[in-house]
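Please walk me through this structure.

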Amino acid sequence: VQLQASGGGLVQPGGSLRLSCAASGNIFTLDGMTWYRQAPGKQRELVARFIDDGIAHYAESVEGRFAISGDRAKNVVYLEMNYLKPEDTAVYYCNVVQLGFAYWGQGTQVTVSS
């Protein structure tokens, strides 16, 4: 399984970005695909998890601002990020656990700054 994360960049506070995580290889399902982030000097934290179509789990800090969705035909999970804040600045990673093994994408940098 390979995960390719993309879509990061520099955005002003209040702006929006959409991250993509494209899965390839022997991926069974998008269910459980998760976005994490890690800011400098901080531990990696869960941001959002795609549980099923229309069902997701979010960290309290992003609830109401971020939305995770999946395109099963393309094997891609998206993270729509709105009303971005400077504290959202981090490297964002996508992750999936399959048959007990955790797969990680390479990370994409999101910087929220004026």
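A residue counts as buried when its relative accessible area is under 20%. Keep that cut-off in mind for what follows. The model is predicted.

Begin with arginine 65. Its relative accessible area is 11%. That value is under 20%, so arginine 65 is buried. Arginine 65 sits in a loop, with strand S6 (55–58) on one side and strand S7 (66–71) on the other.

Now look at the polar partners of this side chain. Aspartate 88 is one of them: the side chains of arginine 65 and aspartate 88 are joined by a polar contact of 2.7 Å. Serine 61 contributes its backbone oxygen, which lies 2.9 Å from a polar atom of the arginine 65 side chain.

Next, the contacts. Leaving out residues up to four places away in sequence, arginine 65 touches Glu80, Met81, Asn82, Tyr83, Leu84, Lys85 and Asp88. Strand S8 covers residues 76–81, and Glu80 and Met81 are among the residues that arginine 65 touches.

That leads to the sheet. Strands of a sheet pair through backbone hydrogen bonds, in a parallel or an antiparallel way. Here, four strands form an open sheet in the order S1-S3-S8-S7, and the pairing is antiparallel. Strand S1 (2–6) and S7 are the edge strands, each pairing on one side only. On average, neighbouring strands of this sheet are turned by 15° against each other, direction ignored.

Finally, take the pair S3 and S8. Strand S3 (residues 17–24) runs antiparallel to strand S8 (residues 76–81), and six bridges join them. Which residue in S8 is the bridge partner of arginine 18? The partner is glutamate 80. Glu80 is also among the residues touched by arginine 65.

Key
Residues are numbered from 1 along each chain as its sequence is written. This is a predicted model: local features need pLDDT of at least 70, side-chain atom pairs count only at pLDDT 80 or more; totals for chains, interfaces and linings use all residues. Side-chain values use heavy atoms; hydrogens and water are left out. Helices (H or I, at least four residues) and strands (E, at least two) are DSSP runs, numbered from the N terminus. Buried means under 20% relative accessible area, exposed over 50%, partly exposed in between (1.4 Å probe, protein chains only). A polar contact is a pair of N or O atoms within 3.5 Å; within protein, one must be able to donate a hydrogen and the other to accept it, and residues adjacent in sequence count only if both atoms are side-chain atoms. Contact means heavy atoms within 4.5 Å. Two strands pair if DSSP finds at least two bridges between them. Axes are lines fitted to C-alpha atoms, for helices over the stretch in contact, and angles run from 0 to 180 degrees between N-to-C directions.
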